[in-house]
Amino acid sequence: MTDDLAAVFEPILQIRGVRGAMIVSAADGVVVAASLMEDVDGDAFAALTASLVGRLGSLTDLAGQGAPRCVQLHAEHGAVFLATGPADLLLVVLAGAGTPVGLARLQVIQAAGQLG
Amino acid sequence: MRAIESWVTGPLQTFVNESAARLTLLMTGSGQVIAQHGFARSLDVMSAAALGAGIMASSQEIAHLIGWPEFQVLVHQGSRHSHFLALVDVPAGRWIGLVVFGRETKLGVVRYFFDRMIDELATAAPRTPPPRKVLAADFETELHRSLRTLFGR
């Protein structure tokens, strides 16, 4: 089951600059499957991203937009993509500088749709 | 928030703020309370400490029976509230943490900040010998003294 889920993000890992991906239980904030660089604390990353999506959900709900489908965060050294999928799962992708952002976002949204 | 050991207060306060835990209890393996957050009545603290210590003891016995290393963390997941129980190794000895949290936070968040609290406790702990063990004969007196400290009465 976990291997099947991990196969969903394999194509994303082939994109230039992508440093890792993982599937997170949105309700619990725990890792379901992951392939991350060693220097990334997966448990902490999963917990905080799920918490962030939950809080953003309150915001989009308040605005009458429903639950967030895709979140894209740009930081000094890269970007984080978050996309919600079926079965309360969340696809999280960590991209370094130089990642083709449009391609990454497109694949993240497509892959999230295959979760569950 | 109240704590028997003052050096516990800072790390515990940070944990409570960051994790959005509703109730938190730090206790020794025998159920003596070290610190609490969120409990309004001493009776609730006594019950929770006794039950939490009992659950951890039972779980360790199960692990022992099947030849596994001890369980570090136990989670009871409910529809509205969940319980998180974990072993805490600090220089003063082995403690147990009991956290009750609701749907406003997540298990991963609670666990992440709990782990950070353990690190902070290890740093903040005084470098003195562990406190003397409480004898059965002194237990009730010690318990009431702890509860007076925790609830200010």
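Across the interface of chain A and chain B, zero salt bridges are found, a salt bridge being a side-chain nitrogen of Lys or Arg within 4 Å of a carboxyl oxygen of Asp or Glu. The rule does find four residue pairs in polar contact across this interface, both residues at pLDDT 80 or more. A polar contact is a pair of N or O atoms within 3.5 Å; within protein, one must be able to donate a hydrogen and the other to accept it, and residues adjacent in sequence count only if both atoms are side-chain atoms. This is a predicted model, in which local features need pLDDT of at least 70 and side-chain atom pairs count only at pLDDT 80 or more, while totals for chains, interfaces and linings use all residues. Residues are numbered from 1 along each chain as its sequence is written, chains are lettered from A and ligands numbered from 1 in the order in which they are written, and side-chain values use heavy atoms, with hydrogens and water left out.

**The interface between the chains**

- The contact (heavy atoms within 4.5 Å) draws 11 residues from chain A and seven residues from chain B.
- Between them, chain A and chain B bury about 740 Å², of which 65% is on carbon and sulfur atoms; buried area is the accessible area (1.4 Å probe) that two parts lose on being put together, summed over both.
- On the side of chain A, the residues that lose the most area to chain B are A:Asp28, A:Ala47 and A:Leu48, together 50% of what that side buries.
- Helix H2 (residues 42-62) of chain A gives the most to the side that touches chain B, with five residues; helices (H or I, at least four residues) and strands (E, at least two) are DSSP runs, numbered from the N terminus.
- The residues of chain A that touch chain B comprise seven nonpolar, two polar and two charged. Here Ala, Val, Leu, Ile, Met, Phe, Trp, Tyr, Cys and Pro count as nonpolar, Asp, Glu, Lys and Arg as charged, and the others, Gly among them, as polar.

**Salt bridges within the chains**

- Over all chains, the structure holds five salt bridges.
- A:Asp39 forms a salt bridge with A:Arg19, and their closest N and O atoms are 3.1 Å apart. Because A:Asp39 lies in the loop between strand S2 (30-36) and H2 of chain A and A:Arg19 in strand S1 (residues 18-25) of chain A, the pair ties together parts that are 20 residues apart in sequence.
- A:Asp39 is exposed at 60% relative accessibility, whereas A:Arg19 is partly exposed at 31%; buried means under 20% relative accessible area, exposed over 50%, and partly exposed in between (1.4 Å probe, protein chains only).
- In chain B, the side chains of B:Asp44 and B:Arg41 meet in a salt bridge at 3.0 Å, N to O. B:Asp44 is partly exposed, with a relative accessible area of 29%, and B:Arg41 is partly exposed, with 46%.
- B:Asp89 forms a salt bridge with B:Arg94, with the closest N and O atoms 2.9 Å apart. Salt bridges that share partners join B:Glu70, B:Asp89 and B:Arg94 into one network.
- Both ends of that pair are partly exposed: B:Asp89 has a relative accessible area of 43%, and B:Arg94 has 34%.

- B:Thr24 is placed in strand S2 (residues 23-28) of chain B and is buried, with a relative accessible area of 0%.
- Not counting residues up to four places away in sequence, B:Thr24 touches B:Leu12, B:Phe15, B:Val16, B:Ala35, B:Gln36, B:His37, B:Phe39, B:Leu98 and B:Val99.
- Helix H3 (residues 107-124) of chain B has 18 residues and reaches 25 Å from its first C-alpha to its last, close to the 26 Å expected at 1.5 Å a residue; the expected span is 1.5 Å times one less than the number of residues.
- The buried residues of H3 in chain B include B:Leu107, B:Val110, B:Phe114 and B:Leu121.
- B:Pro69, in the loop between helix H2 (42-65) and strand S4 (73-76) of chain B, is exposed at 69% relative accessibility.

**A loop in chain A**

- A:Ala87 is found in the loop between strand S4 (78-84) and strand S5 (89-96) of chain A, and A:Asp88 is in the loop between S4 and S5 of chain A.
- Phi of A:Ala87 is near 60°, a positive value in a residue other than glycine, and phi of A:Asp88 is likewise near 60°.
- A:Ala87 is exposed, with a relative accessible area of 57%, whereas A:Asp88 is partly exposed, with 44%.
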